[in-house]
Amino acid sequence: MNGTSGEIEESEDVAAQQSVADRPERPADQAELLPELVAHLQKNRSELRQEWTNRITDAHLLSAMTPHEVFSEVTSVYDNYVAVLETGSVVELREYARDLSERIIPRGVETHEVVGIVLLLRDVLARSLFEKYQDDFDLLTRVLDAYEPAANRIANTVAVSFVEERERVIREQADALRELSTPVLQVRERLLILPIIGVLDNARAHQLTDQLLRAIRKHRARVVVIDITGVADVDEPVANHLVQTVDASRLMGAGVIITGLSSEIAQTLVTIGVDLGKMNTVGDLQGGIEEAERLLGFKVIRTDDAGR
Amino acid sequence: MPDVDEDTAQEPLRVSILRHGGHLVASFHSALDDGQLLRFRKELLDQIGRYRAQGVIIDVAALDVLDSFACHTLRALAQVARLRGAETVVVGIQPDVAFAMARLGSTLHPVLTALDLEAALDLLDHSDVPAGVDHSTW
């Protein structure tokens with residue numbers, strides 16, 4: 001999906017650049033008609049823009065934006081649109097569309113709205129061309145032949161830019177979520193805890209291992225308590241991965257205590273035939289921390305006052 | 001096992017072996033080929049006897065790969081060292097290396113591992129576990 005849209009964009013890019021470079025070789029018809037068309041659109045800028053804005057309002061698009069904002073965006077989209085028709089290059093339009101997407105995505109503007117307004121503009125302009133050339137059907141056909149491919153390319157560019165921007169935002173959020181999902185916390189000198197809550201899938205298990213091993217080195221940990229009370233069940237690859245994480249931690253000089261094993265996970269571990277001698281497991285997190293403190297030589301004593 | 005080649009034997013060994021108290025500290029500077037590993041093992045075992053070392057610390061922090069031959073050599077070395085009275089600790093295994101080894105199932109068991117030199121010295125000096133007992137399983 002991604003690759004395909006990238007390719008389309010790529011080929012468009014090439015086509016756009018070629019048409020810029022080889023402008024004289026454009027079909028003579030287009031070379032003549034496009035400037036005429038552009039002149040027409042520039043001359044009737046105010047009315048067409050107003051017509052377009054009305055159509056947007058009627059269709060209840062961009063309802064998240066104020067009329068003032070809609071008007072200013074409409075103006076720049078219109079000018080960009082005409083500029084693309086004039087130059088045949090979508091590079092600037094693409095940048096503008098990305099910029100626009102960046103601004104309007106946080107406002108909750110949907111993909112169908114963005115595609116919708118561009119298609120509306122396409123219709124508004126086409127309608128005005130119909131009106132202008134309605135007496136000469138032959139000429140109208142040729143004008144539309146010149147207009148339509150350019151207009152389609154513009155609609156395509158805007159839609160692709162918007163979707164790409166959206167995907168970028170989603171990717172960023174996914175990254176942030178992943179970062180947050182596996183905190184590695186130091187509770188005593190040389191003692192880390194790693195509480196895991198939620199679904200532990202393969203990707204998250206990998207990320208967990210990576211963060212844990214780096215944290216072991218950073219905090220110079222000797223004992224790590226991995227608490228999986230919040231994980232209901234894991235499949236066999238992930239269970240294997242957990243065992244490998246324990247092995248890898250040990251290679252780095254840190255012992256691992258696993259706490260809060262659910263009965264399902266315990267059964268999975270037995271099913272895959274884990275050498276239980278290698279796994280140090282304790283019932284709950286409290287027990288795990290106490291065991292870790294014992295290994296590290298800490299002793300927690302309650303003072304008399306606090307007990308009351 | 002590859003033989004020690006006459007030519008490679010002339011090359012300087014890319015491992016430094018230093019004395020620290022009653023221990024030997026061997027640091028790998030770069031990846032060793034199999035011939036060099038065997039020379040290193042011989043050199044280290046000689047020095048254990050010569051200096052009556054009680055502990056050997058092998059620092060592999062500079063290595064981004066520990067293949068099965070290297071693991072095997074380290075294990076064998078630790079076993080021989082133990083027979084000569086020295087406990088071996090491998091230190092400085094990089095996170096990526098550690099995980100790759102775990103995935104491939106190549107372990108250093110029963111060789112002890114520690115995070116760094118300090119942890120290793122601590123382990124050797126305060127180890128109340130007799131040699132031969134694997135206390136890395138806790």
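In this predicted model, helix H3 (residues 45-58) and helix H4 (residues 67-87) of chain A have axes that come within 10 Å and cross at roughly 125°. Axes here are lines fitted to C-alpha atoms, for helices over the stretch in contact, and angles run from 0 to 180 degrees between N-to-C directions. H3(A) and H4(A) are therefore oblique to each other; angles under 35 degrees count as roughly parallel, over 145 as roughly antiparallel, 65 to 115 as roughly perpendicular and the rest as oblique. The crossing of H3(A) and H4(A) is right-handed, a crossing being right-handed if the near helix is turned clockwise from the far one by less than a right angle, and left-handed if anticlockwise. Helices (H or I, at least four residues) and strands (E, at least two) are DSSP runs, numbered from the N terminus.

Two residues are in contact if their C-beta atoms, placed from the backbone, lie within 7 Å. By class, the residues of this contact of H3(A) with H4(A) are six nonpolar, two polar and two charged. Ala, Val, Leu, Ile, Met, Phe, Trp, Tyr, Cys and Pro count as nonpolar, Asp, Glu, Lys and Arg as charged, and the others, Gly among them, as polar.

H3(A) also packs against helix H6 (residues 111-133) of chain A, at an angle of about 135° and with the axes 10 Å apart. That makes H3(A) oblique to H6(A), and the crossing of H3(A) and H6(A) is right-handed. H3(A) contributes Leu48(A), Glu51(A), Trp52(A), Arg55(A) and Ile56(A), while H6(A) contributes Ile117(A), Leu120(A), Leu121(A), Val124(A), Leu125(A) and Ser128(A). Eight nonpolar residues, one polar and two charged make up the contact of H3(A) with H6(A).

Chain A also has an open sheet of five strands in the order S1-S2-S3-S4-S5, with mixed pairing. Two strands pair if DSSP finds at least two bridges between them. Strand S1 (185-188) and strand S5 (280-282) of chain A stand at the edges with a single partner strand each, so one side of each has no neighbour in the sheet. From one strand to the next, the twist averages 30°. Within the sheet, strand S3 (residues 223-230) and strand S4 (residues 255-259) of chain A run parallel and are joined by five bridges; Val223(A) has Gly255(A) in S4(A) as its bridge partner.

Chain B has an open sheet of five strands in the order S1-S2-S3-S4-S5, with mixed pairing. Its edge strands are S1 and S5 of chain B, each pairing on one side only. Neighbouring strands are turned by 25° against each other on average, direction ignored. Strand S1 (residues 15-20) and strand S2 (residues 23-28) of chain B run antiparallel, joined by six bridges, with Ser16(B) opposite Ser27(B) in S2(B). The hairpin of S1(B) and S2(B) has two residues between the strands, and Gly21(B) takes a positive phi near 60° there. S2(B) is also joined to strand S3 (residues 55-59) of chain B by five bridges, and these two strands run parallel. Leu24(B) has Val56(B) in S3(B) as its bridge partner. Helix H3 (residues 68-83) of chain B packs on the sheet, touching S3 and strand S4 (87-91) of chain B, and its direction makes about 150° with that of S4(B). Helix H5 (residues 117-126) of chain B packs on the sheet too, touching S2, S3, S4 and S5 of chain B.

Where the chains meet, the contact takes 16 residues from chain B and 19 residues from chain A. H4(B) gives the most to the side of chain B that touches chain A, with six residues. That side of chain B divides into 11 nonpolar, four polar and one charged residue.

Confidence remains to be considered. Chain A averages a pLDDT of 82, pLDDT being the predictor's confidence in each residue, from 0 to 100. Chain B averages a pLDDT of 83. The pLDDT stays under 50 over residues 1-25 of chain A and is below 50 over residues 129-138 of chain B. Where pLDDT is low, the predicted coordinates should not be read in detail. The model scores ipTM 0.74 and pTM 0.60.

Residues are numbered from 1 along each chain as its sequence is written, and chains are lettered from A and ligands numbered from 1 in the order in which they are written. As this is a predicted model, local features need pLDDT of at least 70 and side-chain atom pairs count only at pLDDT 80 or more, while totals for chains, interfaces and linings use all residues.
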